[in-house]
Amino acid sequence: MIALLGPEIAWYLGVSAFLFAVGALGVLLRRNPLIVLLSLEIMLNGANLALIAFSRHHGRGDGQIFALAVMAVAASEVVVGLGLVVAMNRKRITLDVDRMNVLRG
Amino acid sequence: MLLASVGNVVVWAVWLGAAFACLASGVAVVSFSNPFFSALALIGNLASLAVLYLLLSAEFVAAAQVLVYAGAVMVMFLFVIAYVGPRSESPWAGGPSWQAFGAVVAAGALLVEIVVVIGLKAGDSLSNEAKITSSFGSPAEIGRLFLTDHLLAFEITSIVLLVAAVGGVILGAHSRRGDSEVTAV
């Protein structure tokens with residue numbers, strides 16, 4: 001049986017909370033859709049860190065399964081988001097999230 | 001006993017380095033004006049998060065993080081940034097100033113909220129971690145959980161990936177057809 005060395009779970013949760021808040025700040029603040037997508041990745045990774053910390057806390061692997069599912073969802077989101085960015089660039093729309101405010105192509 | 005305390009100090013040192021790198025690169029992603037540097041900072045963020053996962057004995061997730069995120073997703077990001085072309089903008093530029101102020105306030109409120117909820121709900125019970133066996137977090141254990149307890153989540157994940165792939169193809173094909181129509185007219 002292996003005990004946890006180093007800092008307690010609460011420290012990991014603090015890091016994950018800070019990462020989530022920084023990612024949310026980037027999503028709300030930045031105009032460039034590429035950086036908004038990068039900030040979304042930070043938010044997802046903060047959630048992943050909390051999932052894995054709680055998985056270690058309870059000694060069960062279910063949180064890691066959830067973290068892997070979150071990774072797959074993040075990869076899908078990046079595919080669609082980057083597809084939208086490339087489509088915006090082809091249509092010569094300025095890369096600004098406020099310019100894309102109608103749902104037509 | 002001495003060995004255990006030396007191990008504890010080493011783990012603390014590694015944790016401090018990884019956590020600091022993680023937070024600093026997260027702030028860097030948001031504050032760089034050039035998206036290329038933001039993407040590079042995010043690669044550093046993902047690598048330091050993989051170190052934290054290793055300290056939590058989640059070996060398979062750490063390996064998947066480096067392979068899938070830093071390997072595949074970030075390479076795609078860098079390709080698109082190179083395709084779109086470098087375009088720098090100040091983090092605070094564009095939009096009315098109340099929007100930037102509101103974003104900072106909202107993010108700060110979110111941080112305070114998360115910390116308060118964790119402190120209130122789980123403050124005392126967070127100090128006694130469960131003991132784990134050496135198979136915890138290994139690929140064999142993850143695979144067993146995926147194919148027994150969480151089979152439905154596994155299958156739904158594959159459908160999500162398929163839908164995303166189809167969506168990416170449709171987005172690319174649609175914009176190409178639009179261009180050819182414009183040139184025909």
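How many residues does the largest nonpolar core have, and which of them have the most contacts inside it? Keep that in mind while we walk through the model.

The model is predicted: local features need pLDDT of at least 70, side-chain atom pairs count only at pLDDT 80 or more, and totals for chains, interfaces and linings use all residues. Residues are numbered from 1 along each chain as its sequence is written, while chains are lettered from A and ligands numbered from 1 in the order in which they are written.

Start with helix 1 of chain A, residues 9-29. Helices here are DSSP runs (H or I, at least four residues), numbered from the N terminus. The expected span of a helix is 1.5 Å times one less than its number of residues. For the 21 residues of helix 1 of chain A this gives 30 Å, and the end C-alpha atoms are 30 Å apart, so the two agree. Of these 21 residues, 16 are buried, so to speak mostly covered. A residue is buried if 20 or more other C-beta atoms, placed from the backbone, lie within 10 Å of its own; it is exposed if 12 or fewer do, and partly exposed in between.

Val27(A) belongs to helix 1 of chain A. Why is Val27(A) called buried? Because 21 other C-beta atoms lie within 10 Å. Two residues are in contact if their C-beta atoms, placed from the backbone, lie within 7 Å. Beyond its neighbours within four places in sequence, Val27(A) contacts Val36(A), Ser39(A) and Leu40(A). Leu37(A) is 10 residues away along the chain, yet the C-alpha atoms of Val27(A) and Leu37(A) are separated by 7.6 Å.

Now to chain B. Helix 2 and helix 3 of chain B have axes that come within 9 Å and cross at roughly 175°. Axes are lines fitted to C-alpha atoms, for helices over the stretch in contact, and angles run from 0 to 180 degrees between N-to-C directions. The pair is therefore roughly antiparallel. Angles over 145 degrees count as roughly antiparallel, under 35 as roughly parallel, 65 to 115 as roughly perpendicular and the rest as oblique. The residues of this contact divide into 20 nonpolar, one polar and one charged. Ala, Val, Leu, Ile, Met, Phe, Trp, Tyr, Cys and Pro count as nonpolar, Asp, Glu, Lys and Arg as charged, and the others, Gly among them, as polar.

Ser57(B) lies in the loop between these helices, 35-55 and 59-84. Ser57(B) is not a glycine, but its phi is positive, about 50°. Most residues other than glycine have a negative phi. Ser57(B) is buried, because 21 other C-beta atoms lie within 10 Å.

Next, the two chains together. Their contact takes 79 residues from chain B and 70 residues from chain A. On the side of chain B, helix 6 gives the most, with 14 residues. That side has 53 nonpolar, 20 polar and six charged residues. Helix 3 of chain A and helix 3 of chain B pack at about 5°, with axes 11 Å apart. They are therefore roughly parallel.

Back to the opening question. The largest nonpolar core has 63 residues, and those with the most contacts inside it are Leu49(A), Ile52(A), Ala53(A), Leu52(B) and Tyr53(B). Such a core is a set of buried Ala, Val, Leu, Ile, Met, Phe, Trp, Tyr and Cys residues joined through C-beta atoms within 7 Å. Ile52(A) touches residues including Ala67(A), Tyr53(B) and Val61(B).

How values were computed
Helix = DSSP H or I, 4+ residues; strand = E, 2+ residues; numbered from the N terminus.
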